[in-house]
Amino acid sequence: MQLRSVLALAGAILLAGSGIAVTATSASAAPPPTPSPSLLADAGAALRDHMTAIKGSAQDKFTVYSSKKDAKGNGAVRYTRTYQGLRVYGGDLVVRVAADGRYTGSSVGLAKPLSLSVNPKVTAASAKLAAQKAFSGRASKTGSPELFVDASNGSPVLAWETVVEGFAKDGQTPSKLHVITDASTGRVRGSFDEIETVDGTGNSIYSGPVTIGTTATATGFSLVDPDRGDGRTCDLNNGSSTCTTFTDADNVWGNGTNSDRASAAADAHFGAAVTFNYFKNVHGRNGIFGTGAGVPSRVHYGNQYVNAFWDGAQMTYGDGEGNANPLVALDVAGHEMSHGVTENVVPGGLTYSGESGGLNEATSDIFGTMVEFYANTASDPGDYDIGEKIDIFGTGEPLRYMYNPALDGVSHSCWSSSTNSVDVHYSSGVANHFFFDLAEGTGSTSFGTSPVCGSADPVVGIGREKAEKIWFRALDTYFVSNTKYVNTAQPSNTARAYSLAAAADLYGECGTEYKAVQSAWSAVNVAGSDYCPTDHDFSIATSPATVTVDRGETVTTELSTTVTNGTPETITLTASGAPAGATVTISPAEVTAGESATVTVSTDDSLGTGTYPITLTGTSPSARHSATFTVSVRSAGGCAGANDNDVAIPDNSTVTSTIDLTGCTATPSATSAVEVHIVHTYIGDLVVSLIAPDGTAYVLHNRAGGGTDNIDNTYSVNLSGESADGVWTLKVQDAANIDTGYLNSWKLSL
């Protein structure tokens, strides 16, 4: 007999192709239901007929990952890709077909078909050693390196992936670190931990009466939810391995305080149930894994463990400081289990670095917030503060603010060229800000004041219900593993393009909701070429769209306007985004639609070498459109440059900054100079390297200096064997905990 009961709790919920082979597979930990044979046949035929669109090669093979049809009968099939038998990370794609089987489009992360050698120059043993060195903590197991193609950034590189398991430096947090090593150079390209964690401070817990599902047994009841895939909640008894399912004689769980171990269990059980219900009832997804299986919740983990984490299969909660305040938080549950949704929808999940990692984190913030609204508890009404109950800083402030992410001092509210270089919890701010604006609008709201970026127009929100459905459909039907905010190599593979497609699917193209998505992205400085015609509309374009100029010189482009609908109107032309040291003039500043203007960019000697996108905007009484003119600046002679953009250096992370010397024909000197300025306590944590355009690394600073603060040094480097032409990169790795800082500036003279 199974029984569901209403329980009164006085505890608390702390919200903390010739080579094509199309076959079905169980590629994820929890494979989706068996797909429709007709849908697979239609999608397979579409894939074979559109190899150019999906960047396919004769050496590729594709395997079905998942498939689904919507209420209209339109289908979407996800595929993973191999190249010459090797897994391609970032090679996943989506093929979409109409109800009648017609191909309607695809999502793909590759910029062009794969063509590379699959013979490694670095051995698996070397890759394994590099992975072990990259692990920070106590390692207990190192897996065999897997040779694969890393196309996570859209460009393929042969690489090794090695998984090192163990515990983080705190000795309690489990770690499954995936280390990616270049199979040609041996350098570590990056890493990510499979364990998703949320830190807290162990606040007191409070909750009103809640309803949870339990199962009757021969001797009483167990904390197993029969209505949600038998999700169970168990007690780790402040250990880390054996977990005993909670049982009770009278089906009343806990006493509202931490003196009863079942109080925390009831909160965790409730959080898992609410999150399961949210995805099922709002989005039609059968639980976190899509299979109807429940999520196990483990409470009372470790000793004074001030953390909670998702490991890909289950939730685990610590008891906080003094084992007195379990971190059984509803928004922790919603956020972390949403990571489970993302990694089961998109093969491998959204790549956990840069902008795609920001979208990964933002997706969990978005759905964790929507779970909070869905739960609608009187003790914790929905809001757009992330982790407000955890009080991680001890100040009562939340971890993140969706309405204005920059309030935390580090998150990006507006997209910029540096967004791809910051920690994923900070690059998530752009999508969080977008979602808030889409749902609630900009300006003063009951949740906080949301500013627009630059000169963007205000946004009128369409409500949470529509906004959450648009975001889920974009994730479920369009996103691929390396989707970004801005993607010059693959412009269609962006969150803006995909969320607009989702809005069109759900509410119609160029309707109120579609236009709100456009406006909300523009309000966070994510532009697009998409537009909806008005009664008197126009388009603008630049020719050329990209130029290279020496510092101190002047460059021009033609800005043309074209009437696209109705009669011509007067257009006022403006420019924004020009860097300090560059002056932009437009002549004439007003034109009638159909006419052109000349844009002049003057640079002076103080302007650092780099690539600068300048936004050119035309505004008429009826419409407003923008185009981007990109100026690549090099020094006079093209063989020296500087980058003054600050780049944050978080703990245990690697960041980069670039100088573009494209066009330099000189031979680099044996005494080339690299001037580096880094603000950072304890520089013994840092490894600083110069990466040449061909990928060769020159180590400038290797964890020297101990507790000394800051690096202000000019390094002499023998670069005589290098070609100067191309993009040079300064890579800074923080290899330890506690101390952080930022790259202030650097200069390169060849």
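Let's start with Cys510 and Cys532, which are joined by a disulfide with an S to S distance of 2.1 Å; a disulfide here is a pair of cysteine sulfur atoms within 2.5 Å. The torsion about that S-S bond is -90°, a left-handed link. Cys510 sits in the loop between helix H8 (495–507) and helix H9 (512–523), and Cys532 in the loop between H9 and strand S27 (537–543), so the pair ties together parts 22 residues apart in sequence. Those helices (H or I, at least four residues) and strands (E, at least two) are DSSP runs, numbered from the N terminus. At 25% relative accessible area Cys510 is partly exposed, while Cys532, at 8%, is buried. For those words, buried means under 20% relative accessible area, exposed over 50%, and partly exposed in between (1.4 Å probe, protein chains only).

Keep in mind that this is a predicted model, where local features need pLDDT of at least 70, side-chain atom pairs count only at pLDDT 80 or more, and totals for chains, interfaces and linings use all residues. Residues are numbered from 1 along each chain as its sequence is written, and side-chain values use heavy atoms, leaving out hydrogens and water.

Cys414 is partly exposed at 30%, whereas Cys453 is buried at 8%.

Finally, Cys234 and Cys243 have their sulfur atoms 2.0 Å apart. Their S-S torsion is about 100°, so this disulfide is right-handed. Cys234 is buried at 1%, and Cys243 is buried at 16%.
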